[in-house]
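These are my notebook entries on a single model. I record what I looked up, entry by entry.

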Amino acid sequence: MFDLALSIDELVLTAKAEPTMKITKIEPLILEVNHRGDWVFVLIHTDAGITGLGEASHSSNDALLVAMVEQFSVQLAGEDPREISSIWARIAKQQVGRVGNTAVSAIEQALWDILGQHLGVPIHTLFGGAVHKRLRLYANINRHMKDRSPASFATAAKQAVDEGFIAIKLAPFDELVSPHRIRTGPNAASRPGIERVKAVRAAIGDQVELAVDCHSRMETSEAIRVGHELAACNLFWYEEPVPEAFPDELAKVAAAVPMPVAAAESVYCMEGFRPFLTERVVDVIMPDVKHNGGLMETKRIAGAARMHNVLVAPHQPAGPVATAATAQVVSTDANFYVLEHAWGEVSWRANLLQPAERIEDGHLILAAESGIGHRLNPEIVAQYRKSIASVRDSSKALST
């Protein structure tokens, strides 16, 4: 065990003084989840018997992501997995778009997991030590929902609250898809979404925090109008009412509505976050460790957000591995606000990890074990694993 008082640079130098370690294989692993998609993991195997774990879910194209991971397996075989910055710089510069950045992010997560295991410390120690040992969660009920009625949303939200969650998020605006929709008046396409929000607020009471995700489906004037209509629901944030690609428009909405605005869940790397970090566009940014380049980029983004007193609430509607990885890094940030939890997707979520994911009174308990703090449960993996061939075949069928 190494002295926890050592700096990250000293820890890395100490690790490199140890016998050499090499990557032998990088393996994609897919588990079948539900109608909203699967969970995709990346395993980096080494000749030292240490296996690193990362998550690459929600890339938008699992078959292409698998192909990229397999390409990285060939490219990185024989490399020292402790050379994280060097490896990241090489593979990140090759990527554009969501799939490539997701693959890179998962590999980077797994490399930090290897280093933490090798040194016998959790990743949060490598990033300076935890400020938060209990991380506040909000339950995103959207991925659980099949029946999209206001009553069904209300029932799910109340169930999450009964389980101990103290904050809820829903994505209610299913009807905001046509560019020709009615935008004002009693028949506005936003009306059903507003009714869903009102039903949830009535079900959970005034003491539970409530957030609304708009999935970037509005234009500016519509977003401002809807924001004012939702004022009575006392939202703790109004998420991506307009696309994050238009930060000036987001800033206009944030200045006009009576609640905080959150955005930037699909932005890649520090460079992509520049509009949100050089000026105060929104109140809360939502970096996603699966897409934004990984743990170190998340740390850098969170640090830069402090310049404008912007809070950091990581986007994380995926599996427990990405949640655990996110917790390891944002636990070290003073401006961490709240972490997303994909509530109600599968009954076996917590047991996928060993030790199991711990959620108490609406808070995630930070794992203290080495690396990411968890391993995959082989029994759960065996039960829900999808063959890589079936993923490829499904992709081919869609393209024909």
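**Entry 1: Val 200**

I looked up Val 200 and found it buried, at 0% relative accessibility; buried means under 20% relative accessible area, exposed over 50%, and partly exposed in between (1.4 Å probe, protein chains only). Val 200 lies in helix α7; helices (H or I, at least four residues) and strands (E, at least two) are DSSP runs, numbered from the N terminus. Leaving aside neighbours within four places in sequence, I find Val 200 in contact with Phe 153, Ala 154, Ala 157, Leu 170 and Leu 210, where contact means heavy atoms within 4.5 Å. Val 200 and Pro 186 are 14 residues apart along the chain, and their C-alpha atoms are separated by 21 Å.

**Entry 2: basis of the values**

I note that this is a predicted model, in which local features need pLDDT of at least 70 and side-chain atom pairs count only at pLDDT 80 or more, while totals for chains, interfaces and linings use all residues. Residues are numbered from 1 along each chain as its sequence is written, and side-chain values use heavy atoms, with hydrogens and water left out.

**Entry 3: Ser 190**

I placed Ser 190 in the loop between β5 (167–170) and α7 (191–204). Ser 190 is buried, with a relative accessible area of 1%. I then asked which side chain makes a polar contact with the side chain of Ser 190. The partner is Arg 225, at 3.2 Å; a polar contact is a pair of N or O atoms within 3.5 Å, and within protein one must be able to donate a hydrogen and the other to accept it, while residues adjacent in sequence count only if both atoms are side-chain atoms. Apart from neighbours within four places in sequence, Ser 190 is in contact with Phe 173, Leu 176, Arg 225 and Val 226.

**Entry 4: nonpolar cores**

I looked up the largest nonpolar core and found 117 residues in it, with Leu 230, Tyr 238 and Ile 285 having the most contacts inside it. A nonpolar core is a set of buried Ala, Val, Leu, Ile, Met, Phe, Trp, Tyr and Cys residues joined through side-chain atoms within 4.5 Å. Helix α4 (residues 97–119) gives the most to this core, with eleven residues. Not counting residues up to four places away in sequence, Leu 230 touches Phe 173, Ile 194, Val 197, Val 212, Leu 235, Tyr 238 and Met 259. I also recorded a second, separate core of ten residues, which includes Ala 167, Trp 237, Val 284 and Met 286.

**Entry 5: the open sheet and its helices**

I traced an open sheet of four strands in the order β3-β2-β1-β16, with antiparallel pairing; two strands pair if DSSP finds at least two bridges between them. β3 (51–55) and β16 (385–386) stand at the edges with a single partner strand each, so one side of each is left without a neighbour in the sheet. Strand β2 (residues 37–46) is joined to β3 by five bridges, and Leu 43 has Leu 53 in β3 as its bridge partner. α4 lies across β1 (23–34), β2 and β3, running at about 145° to β3; axes are lines fitted to C-alpha atoms, for helices over the stretch in contact, and angles run from 0 to 180 degrees between N-to-C directions. α13 packs on the sheet by touching β2 and β3, and its direction makes about 100° with that of β3.

**Entry 6: Pro 320**

I found Pro 320 in helix α13 (residues 320–330), buried with a relative accessible area of 1%. Pro 320 and Trp 39 are 281 residues apart in sequence but 9.3 Å apart in space, C-alpha to C-alpha. Among the residues that Pro 320 touches are Trp 39, Glu 55 and Arg 349.

**Entry 7: salt bridges**

I noted 27 salt bridges in the structure, each a side-chain nitrogen of Lys or Arg within 4 Å of a carboxyl oxygen of Asp or Glu. Glu 79 forms one with Arg 90, the closest N and O atoms being 3.4 Å apart. Glu 79 lies in the loop between α2 (62–76) and α3 (84–92) and Arg 90 in helix α3, so the pair ties together parts that are eleven residues apart in sequence. Asp 333 and Lys 299 also meet in a salt bridge (3.0 Å, N to O). Asp 333 is buried, with a relative accessible area of 7%. Finally, I recorded one network of salt bridges with shared partners, joining Lys 169, Asp 213, Glu 239 and Glu 340.
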